[in-house]
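Subject: Structure handover

Hello,

Here is the structure I said I would pass on. My notes on it follow below.

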Amino acid sequence: MIINRRDAIRMTAASLGGMAAWSSSGVSVAQETPPNSATIEVLHPRARVPLSFIIDDSTCLVNMGHFCMPQFAHAWPERDVYKQPWREWPREIPDQFVREFGEWCAQHDVKGKYSIVPYPACVGWLDRTLPGWSRQDLDNSLALVRDLMMPNWDIHPEMITHTRVIDLKTGRPMAEVNAGTMENSYPQTDISTDHLTEYLAYALRILKNCGLHCDGITTPGGFGNRVKDKLPVAAGQAVRDVYGSELPHYFKYVKTGDESTAPQLEFDGNNVLSNLTMNVPAGTGDWFGSWEGSKVSQPDLYCNADATSGRMVDLIERGQPAVMLCHWPGMYCNGTQTGFEAFKRVVTSLASRFGDETLWMKVSEIARYWAAKELTQLTRDDAGTIAIEAPLACKDFTISLDATAITKAPALTHEGKPVKLTEVASVSRLESGTFARADGKLIICLDLAKGASRLVLG
């Protein structure tokens, strides 16, 4: 079979994006590749570049741009950015807009992360009451998040309030109002991992009370900047304690320029799954309506109309995860929805050129794929059998191997039971349970099962 240009780009990009992840200490955490499996390579899922959309400052009903602005102005009175006319902005981002956004994204397979601030700007507790809205309003809003958003979006708390630091003993904001008592710059001094864990867990428990599932957390602004070494440990402990999650992750960092956007594996102690927290960065700035929803969108910075330039195009062509970033008020833009319209144009432009070379994924799915890629052991023996030892399951796990002499279909078994693999005509048609041949390579896509599996080559 002759490989076409797009398949060649896809396979090369996946190879470039498949370099070992690195822990925060700078030590490689990838398993050493045995000499007899040197020709086995883990590609991107379905040999496509992962896409995702990270949305910050979202919550139920409350327009964070409106309610955050005066609190930020109180803490940082010298900053002109906080002197905008927030009183003229709506206090609510209505559920009708959430529905319109969520349904459009579902129709176009867009996935990502959607924050739910548990005590948004100190307006009210989402698991109790939200003054200014009825209990029915709040219940309906939470149901919309559970039913419409959760299937395609990871839900994260973005700390507790996104404004004032909460005294965990009283549940009230700290009495002093300054940079040191705002979550965006907390803590100002070193704090223990246990205290940081407790703060994160407090936020997670509120969302659990609301019936929302979380496998990760998002940090607002500079939260945790002075305790970056403790943050992944605390995030992992908090998410595991509250939800029992197998693989916690967090979002804090934005990668720019030539920095890799690949997720990082960060371990607390031994390099085992129970100590692992995934650090999934974004790869763009926020070029829609910004965090307050008052800016003019610049969609071409993500992707121009014909998808020939822009940061997302650059990342896709480099074969690295292309994760967009925005803030929820910048989608609604105080009722004009200009950010949402700009976003739709970016999505459709990317699909027009890269539709069969990319795959929209939740942040947790990207995190899981990278963990599986780095921790799964693939050992090929002289008889042409590949032994697979996987510490966690993973959808769309895709491998490539030299196969010039392989004429029969590969046979996969897990715990002695056969798993059907079907040949497809090209790499672009790969999905779980299929394989394709291209330029002397055998590309196999499977739902990786936890534990031991065997792949017998024809």
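The cover over the buried residues of α3 includes β2 (49–56), β3 (112–115), α4 (135–149), β4 (153–156), α8 (329–332) and α9 (338–354). The model is a predicted one: local features need pLDDT of at least 70, side-chain atom pairs count only at pLDDT 80 or more, and totals for chains, interfaces and linings use all residues. Residues are numbered from 1 along each chain as its sequence is written, and side-chain values use heavy atoms, with hydrogens and water left out.

Helices (H or I, at least four residues) and strands (E, at least two) are DSSP runs, numbered from the N terminus. The buried residues of α3 are Asp95, Phe97, Val98, Phe101, Gly102, Trp104 and Cys105; buried means under 20% relative accessible area with a 1.4 Å probe, protein chains only. Helix α3 covers residues 95–107, 13 residues, and reaches 18 Å from first to last C-alpha, close to the 18 Å expected (1.5 Å times one less than the number of residues).

Strands β8 (249–251) and β10 (276–279) run parallel and are joined by two bridges. In that pair, Tyr250 stands opposite Asn279.

Regards

Conventions:
Buried means under 20% relative accessible area, exposed over 50%, partly exposed in between (1.4 Å probe, protein chains only). Contact means heavy atoms within 4.5 Å. Two strands pair if DSSP finds at least two bridges between them.
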